[in-house]
Amino acid sequence: MEYAVIFLPLFGTIIGYLSKYFGDMTSQLITTVSVCLSAVLSIIIFYNGVINNGYGNYLIYEWISSGDFQANWSINIDPLSSIMLVVVTLVSALVHIYSIGYMSHDPNKPRFMSYLSLFTFSMLVLVVSDNFLQLFFGWEGVGLSSYLLIGFWYKKNSANKAAIKAFIVNRVGDFGFAIGIFLIFLFFGTLNYNEVFQLVPSFSEKIINFIGFDINLITLICLFLFLGAMGKSAQFFLHTWLPDAMEGPTPVSALIHAATMVTAGVFLVVRCSPIFEYSQFALNFVAIIGMMTAFFAATVAIVQNDIKKIIAYSTCSQLGYMFFAAGVGAYHVAIFHLFTHAFFKALLFLGSGSVIHSMNNEQDIRNMGDLWKKMPFTWISMLVGTLALTGFPLLSGYYSKDAIIEFAYLSHTKIGYFAAAVGIITALLTAIYSWRLIFKTFHGRFNNQKISKSAIHESGLSITLPLAILILGSIFSGFLFKDFLIGHHYTEFWGNSILLLKKFSHEQVPVWLLYLTPTLVTLSIPLSYYLFIDNVKILDNIKLKNKVLYNFLLNKWYFDEIYEFIFINPIKKIGLFFWKSGDVKTIDRFGPDGISKLVKIISNKATKLQSGYIFDYAFVMLLGLSLLLTFFIIYK
Amino acid sequence: MNFPILSSITFLPLIGAFFVFLTRSEINQTNKGAIYVSLFTSFVNFFLALFLWYSFDNKTSDFQFIEELTWISGFIKFKFGIDGISILFILLTAFIVPISVISCINSVKTRLKEFLIAILILETFMIGVFCSLDLVIFYLFFEAGLIPMFLIIGIWGGSRRVYSAFKFFLFTLLGSVLMLIAIISIYWITGTTDVVEIYKIKIPSEFQYLLWLAFFSSFAVKLPMWPVHTWLPDAHVEAPTAGSVILAAILLKMAGYGFLRFSVGMFPIASEYFIPFIFTLSVIAIIYTSLVALMQDDMKKLIAYSSVAHMGFVTLGIFAFNKQGIEGSIIQMFSHGLISAALFLCVGVLYDRTHSRLINYFGGVVHILPKYSFIFMIFVLAALGLPGTSGFVGEFLVLVGTFKVNFLAAILASLGVILSAIYMLWLYKRAVFGKLEKNELKGMKDLNKSEFGILFCLGALILFFGFYPDPLIDTISVSVDNLITNYNLDISQSVALK
């Protein structure tokens, strides 16, 4: 069964693609059915794990073994991987179903479905790995599928650019990840999780000299691993690829750039909690980067106009929440938020996809408005998604996001208090940009000249069915799994799969903190309505008065421009310099070309020596003779 | 006496070449006879090599299938023998040659017969290099290989073929002269040119440094290492596809093999002494040539520069002197043989159809050549070292091995992995993706059966060894162990002497 979960999507990838000769339907059917089966099986595995403690490790075969360097292909089922299995396969199955409807006009359906399945396979390999190398395989594998899917419409230059950008920014992260792996192997002599984690405590004080700096080994490993996580999870400094990745088809954004792949970084940090727990510095670093991302992305989201980009920045911001949860040591809360976030963020993306689909690929929310009567079901699902995202009481996001803020507060450290404050402010910002999206899209005036309003209609069943399931998930996943995943007895579920060195105190959080966020979030609804529908002029005034700030936010803090300036252009210039000035003007000029020229010159001179005139030869002889004579006279 | 399988593998292509020579042909006509003979010869040779691999005993590090004949008594013996390291290269050669023969049937339009003869003779020389256990014999094969390659570039090459051919010749010959002198001095020092004997006698350490440098100068040019790499892009650009394939896949590997068999084996003390030197050059090669590759507008040049960067990993791994490093670099050479061959074939496919290699000339190829684009993508991914391809196994092991001895070198080399992703994906984007705008491209046909067949074989092998590199690692493991043990023994003895 465990094997089937992993390999069904691979089967779908290959057979689904090959079966395109039997028509698009066959491919769609094969890929979708295999992923759905995989989803059912992973729910069984999860259930079996919880009830019968049915965890285990299944070896497939040895991958690389060179001397003491060993890495296997294996399937490791533990609480953490089983919950990730459920998230990945479930969302993936829904997205597969959704894509049948969403991509109905696309000529390349088999390829699309097969890429989706390939992604699912790589993500599963990543999740169930029991060693760092297989994790790395999955890590790059999801990067590849993401690259392929972002660039799925390869006619569009912008899509190709975004795809390359995503892959390369991820490679920068992977570079760090790889160095983390090298360090682990060098000092622990193994890449197997369990063996590494057992050795970590004995190395916790070890200081090594790393290219001239004396650094604590564990801290160093954590920082490098985290660099990988930052790339994959689009954290501050390495986030620039995620908004651009929205060039891909919307189901891709829902599956890869919201629910699953981008959370791989969080998964990595949580998986490595037995290492991170021994480095307070690294944990603080994680927390700070998480906070910065959460805040930064929320500020940018407020002024964006592309419906998908707003949700993309929102994803970025929520990932920041997960990271600072992990950074204050609340790994289980991070995973809980990952779990609920998968539902409501997939819901938001798929809902916005439904809007885009029925508006002929219009993505600018300024060109929408008043759609709610036309697409009531989509409206409801977006509404539920937004409520859940903002943490409206009793919906899933409320339980997980508030838990993050509470646990940050409960950690009783300076960083923790600060994180709680950032969490609350960001929650308010989140509420504002989310409601802005809803009001501008579904309410107000209809602002589109290209399509008449009557042409807009609700999407078909293959689109609404996944939405319906995700609505249920967004409403209930928090409430149902709260006690189980982050309640007082959370260790019963998590077992050894995460390590918490210091236990969180069971004391109650102050009442004001409990009520603060929900109140703010609720108040933001009328506030946003007032700002974005009732009285737009106020905002226009603010925009005019703060032009600089507005542009700063609109241009995403100018990150792309800065990177262009300090990385991309210099690299191109250096490359050109090495080629033209290094290879051609130096090496070739003084090397082969120079030598052949020299030979030519010398031989030209040499020909001149043989003039054929006897007096020339006689002169040289005389000269030689006199030189020799002088030499002998002096040294005799 | 056993069946002389090594000599058979080595000289069978030569016999084949002779029969090709006997076939009748006009200059501009396709010559069926020559094609069949050369195909037959190269395939038989490939199966012989497979059989050799099958009967090879990977439990021992001793040389196997040894054949000895005296050539000049007391001086040169004709000695063949292989260990786990050589056999992989023999396999690679025997596999690549039939592929390049098939590819040139379509693309070489003039003097096909002579071209096939050159390739078959070249195969003899290349396999001879990997079998020789006598320095003089090795040198003969090593240098003789230059001649057919020189002709292939000079006769069937592009517009600047003569310049490139001479540049190629000048560079490689310069190093070889020094190597010849070194071989003669080794004979004066040890009284033999038999490599196995020399391993036992051990060359006194005071001679090692100069001898090492002499061998290095030859191998560094062939590999090529920075800064003597500039002949490679020119040679590749002008060479016909089949020539590029052989050049990248096998000729470059002869130098890597030479480092392992001769530099490290015979001069361990000097090898240890020069580690920082090699590391510096390798790291420069990786970063420098990757950056240069980024800015190329000619596809072949881009791949040629990327070859230099990939070979930088090879030297890095060899001179890390640990199991992961050396095994990694051997696998890297093997897989680079497959990948670069495949990439050059891919460029050849476009060149045959349009007679252009400029990246910007293309664009939107995916719309009319879907099969080609799919298979090209696999090789691009392999070249940038994606896990699951053989390129990853080699690169990763090399980096693990290097990291054990030098943090800085390994980290800088890892930057090369980012750069390779940039230039390969950018190349793919510009050539394959995008809108199909040029009218002259619209008539292109997708891969024909033979093109698809050879590319499919290469792709399948690259993926197979990416997921399951054990067959390779098992073959070399014991020999590499032996190499490292001997190296460490020599180093510790020399330290004890001091």
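On a 1 Å grid over the protein atoms alone, a cavity is a set of points where a 1.4 Å probe fits but cannot get out, and lining residues have an atom within 4 Å of a point. Rolling a probe the size of a water molecule over the atoms shows where empty space is left. This is a predicted model, in which local features need pLDDT of at least 70, side-chain atom pairs count only at pLDDT 80 or more, and totals for chains, interfaces and linings use all residues. Residues are numbered from 1 along each chain as its sequence is written, chains are lettered from A in the order in which they are written, and side-chain values use heavy atoms, with hydrogens and water left out.

**Cavities: the count**

- The count comes to 7 cavities of 30 Å³ or more.
- A volume here is the space filled by probe spheres set on the grid points, and those points are joined across faces, edges and corners.

**The largest cavity**

- The largest cavity has a volume of about 150 Å³.
- Its lining holds 14 residues. Phe136(A), Arg171(A), Ala178(A), Leu399(B) and Val417(B) lie nearest the centre.
- Elements of both chains give two or more residues to this lining: α5 (132–150) and α6 (157–188) of chain A, with α17 (390–405) and α18 (407–431) of chain B.
- Helices (H or I, at least four residues) and strands (E, at least two) are DSSP runs, numbered from the N terminus.
- α6(A) gives the most to the lining of the largest cavity, with 5 residues.
- By class, this lining has 8 nonpolar, 2 polar and 4 charged residues.
- Ala, Val, Leu, Ile, Met, Phe, Trp, Tyr, Cys and Pro count as nonpolar, Asp, Glu, Lys and Arg as charged, and the others, Gly among them, as polar.

**The second largest cavity**

- The second largest cavity has a volume of about 100 Å³.
- Its lining includes Ser103(B), Asn106(B), Ser107(B) and Thr241(B). Leu345(B), Gly348(B), Val349(B) and Asp352(B) are also among the lining residues, as are Glu451(B), Ile454(B) and Leu455(B).
- In chain B, α3 (84–107), α15 (323–354) and α19 (449–467) each give two or more residues to this lining.
- The largest share, 4 residues, comes from α15(B).
- The lining of the second largest cavity divides into 4 nonpolar, 5 polar and 2 charged residues.

**Chain A as a whole**

- Chain A has 26 helices and 4 strands.
- Its C-alpha trace spans about 110 × 65 × 60 Å along its principal axes.
- Of the 636 residues in chain A, 58% are buried.
- Buried means under 20% relative accessible area, exposed over 50%, and partly exposed in between (1.4 Å probe, protein chains only).

**A nonpolar patch on chain A**

- Tyr558(A), Ile562(A), Phe565(A), Ile566(A), Phe567(A) and Ile568(A) form a nonpolar patch on the surface.
- Together these residues have about 580 Å² of accessible area.
- Patches are made of residues with over 30% relative accessible area and no salt bridge; like charges are joined within 9 Å, and nonpolar side chains (Val, Leu, Ile, Met, Phe, Trp, Tyr) within 5 Å.
- A salt bridge is a side-chain nitrogen of Lys or Arg within 4 Å of a carboxyl oxygen of Asp or Glu.
- Accessible areas come from the Shrake-Rupley method with a 1.4 Å probe; for residues, only the protein chains shown count as cover.
- Phe567(A) sits in helix α24 (residues 559–590). Phe567(A) counts as partly exposed because its relative accessible area is 45%.

**Backbone details in chain B**

- The peptide bond from Leu223(B) to Pro224(B) is cis, with omega near -10°.
- The bond from Trp226(B) to Pro227(B) is cis, with omega near 0°.
- Pro224(B) lies in the loop between α9 and α10 (231–238). Pro227(B) is in the loop between α9 and α10.
- Lys202(B) is not a glycine, yet has a positive phi of about 65°. Its place is the loop between α8 (195–201) and α9.
- Lys202(B) is partly exposed, at 35% relative accessible area.
- His355(B) is not a glycine either, and has a positive phi of about 60°. The loop between α15 and α16 (370–383) holds His355(B).
- His355(B) counts as exposed because its relative accessibility is 60%.

Methods
1 Å grid on protein atoms, 1.4 Å probe; cavity = no way out; pocket = protein on both sides within 12 Å on 5 of 7 lines; lining within 4 Å.
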